[in-house]
Amino acid sequence: RTTNSNWSYEFDNVATDSLYRLAIAATKVALANTYNIFMQSDDGTQPPPDSSGYYRRAGGSYYEWFDYGNYIGFDNPGWAEYIMVKDDVPAATNWKSAAFGGTVTGTPLNVRFSYTVVQKDVPISVTSSLGTINYQNVIVVEEKYEVEVTPGVWQDATATLNFYGKSYYARGIGLIKFEAYNALNAVTGVQELRRFQVF
């Protein structure tokens, strides 16, 4: 989250389909918490023109402040934070976000995120158009979505959405890989780190 740290990713092993992310000096304050601001561009534009999110750390937990209304597809925007990764818990640890409530074309809907550390401190190799890089001390986090079907009763929405994800975080570097899966556990998309510079 340090100023001027930057990362370059590519999607689905296509060298020309890329994403550049940059941590800038400015910060954002929301609900008395201070978040580092990341910017992004898909063509390396300097400085990157588009917001890539607001992030903070407290202990071993990393938070994102985000517009859940836009992300989930609710009729109206709504802002909140959630824990995206924990680096101080063992493998098999699960946690849930708070419920994000809204309406979709007027129909009420409550959604929450469910995260599980599926591997901890493992080596992972990432292959992009620039070659293969081996990373150590990687945390693999599985992200699924749950829907409240009746008050207090939550149901995994993987089959309905035909989607869940896995994020790979390397210590001292950040996100090195993201995989999208369908309900049959087949990879449907991948984002891989090509290069990074962390200050």
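Which strand is glycine 53 found in? Hi everyone, let's start there: glycine 53 sits in strand β4, residues 50–58. Strands here are DSSP runs of E with at least two residues, helices are runs of H or I with at least four, and both are numbered from the N terminus.

A quick word on the source. This is a predicted model, where local features need pLDDT of at least 70, side-chain atom pairs count only at pLDDT 80 or more, and totals for chains, interfaces and linings use all residues. Residues are numbered from 1 along each chain as its sequence is written, and side-chain values use heavy atoms, with hydrogens and water left out.

Back to our glycine. Is glycine 53 buried or exposed? Glycine 53 is buried, at a relative accessible area of 8%; buried means under 20%, exposed over 50%, and partly exposed in between, using a 1.4 Å probe and protein chains only. Not counting residues up to four places away in sequence, glycine 53 touches Asn36, Ile37, Phe38 and Glu64, where contact means heavy atoms within 4.5 Å. Glutamate 64 is 11 residues from glycine 53 along the chain, and their C-alpha atoms are 7.1 Å apart.

Now let's zoom out. The chain has 2 helices and 14 strands. The C-alpha atoms fill a box of roughly 50 × 40 × 35 Å along the principal axes. Of the 199 residues, 45% count as buried. Among contacts with a separation of 6 or more, 43% join residues 24 or more positions apart.

What about the inside? The largest nonpolar core has 41 residues, and Phe100, Tyr135, Val138 and Ile176 touch the most other members. By nonpolar core I mean buried Ala, Val, Leu, Ile, Met, Phe, Trp, Tyr and Cys residues joined through side-chain atoms within 4.5 Å. The strands supplying at least two residues each include β1 (6–11), β2 (14–30) and β10 (131–150), while β9 gives the largest share, 7 residues. There is also a second, separate core of 6 residues, including Tyr35, Ile37, Met39 and Trp65.

Finally, valine 138: leaving aside neighbours within four places in sequence, its contacts include Val122, Ile124, Tyr168 and Ile176. Thanks, everyone!
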